[in-house]
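Please read the explanation below with the sequence and the 3D structure at hand.

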Amino acid sequence: MRTYSATAISLVVHKYRGTRRLAVFFSRERGKVEAVARGVGKPGSKLASLVEPLTLSKLSLAKGRELDHLTEGEVVNPFYGLRSDMRRFGYASYIAELTARATEPGLPMPRLFDALQASLEALEDEATPEIITWGFALQLLEQLGVGPVLEQCANCGRSLTGQLCYSPSVGGLICADCRPGESGVLDISGMTAGLLRCMATFPIDRLARLSCPPTSREEISQLVRRHIEYHLDFTSKSERFLREIEASDNPLQDGDEQG
Ligand SMILES: [Zn+2]
């Protein structure tokens, strides 16, 4: 049997035939890897800690006819800081779910892997996890080639000044002259536009130092969510939980929910 090794972060794990589990990893070497781990449901399993979502490990895997098998491995970072705090855990779970849904098996994306690892590290002790989360999401979209246009008007290409807006179908920020008449257009301030450009390009560990007022935070969260929904056709299982966290954090959002 052909074997290979991978440095990987467990994203999602599903029950699979008795005590087996089907784990979805994102690896530095091979992008998304889906593998079966035997005996994880039994007490004392050596593989259980490796498939636990949000764990960074060095893995050994064996090629299977349909699915690969996890044979052994060593935990490098279990990100304990995420597990002691429901907010951080909620945002980290969203990031993991988004990565699992948006990426393809066997397509290496080492820059995205590094951004994922840096995001989980930053979330472990970050007071405003939404900036890390939406920053990671923007970088993921960018690397998949479907990022929002942020540098100039997505419609006419002119530089962005004054009151801007965003429309998912146009695919980015829009100048005042090109503002579409359709519903679902989101108002975006010049300050938010600047923050979005930083978040899409800065190394993740620098995002923790960005100062972001609550109004911009709300605009960013709405823009990134709508862009992901429209361009990746992705609605998250962690989303509801995330919205509850945000509503309790951010009194500005009261009464402004969209389904
Ligand atoms: Zn324009």
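Strand β6, which covers residues 164-167, is joined to β7 by three bridges, and the two strands run antiparallel. This is a predicted model. Within the pairing of these strands, Cys165 has Ile174 of β7 standing opposite.

The pairing of β6 and β7 belongs to an open sheet of three strands, in the order β7-β6-β8, and the pairing in this sheet is antiparallel. Two of the strands lie at the edges, namely β7 (172-174) and β8 (186-188), and each of them pairs on one side only.

Helix α8, made up of residues 214-232, lies across β6 and β8. Its direction is at about 130° to that of β8.

Glu104 is found in the loop between α3 (86-102) and α4 (110-124). Is Glu104 buried or exposed? Glu104 counts as exposed because it has 9 C-beta neighbours inside 10 Å, and a residue with 12 or fewer falls in that class.

Which residues does Glu104 contact, apart from its neighbours within four places in sequence? They are Gly31 and Lys32. Lys32 and Glu104 are 72 residues apart in sequence, yet their C-alpha atoms are 5.9 Å apart in space.

Terms used. Residues numbered from 1 in each chain as written. Predicted model: local features only at pLDDT ≥ 70, side-chain atom pairs only at ≥ 80, totals over all residues. Pairing = 2+ DSSP bridges. Helix = DSSP H or I, 4+ residues; strand = E, 2+ residues; numbered from the N terminus. Contact = placed C-beta atoms within 7 Å. Axes fitted to C-alpha atoms, helices over the stretch in contact; angles between N-to-C directions. Buried ≥ 20, exposed ≤ 12 C-beta atoms within 10 Å, placed from the backbone.
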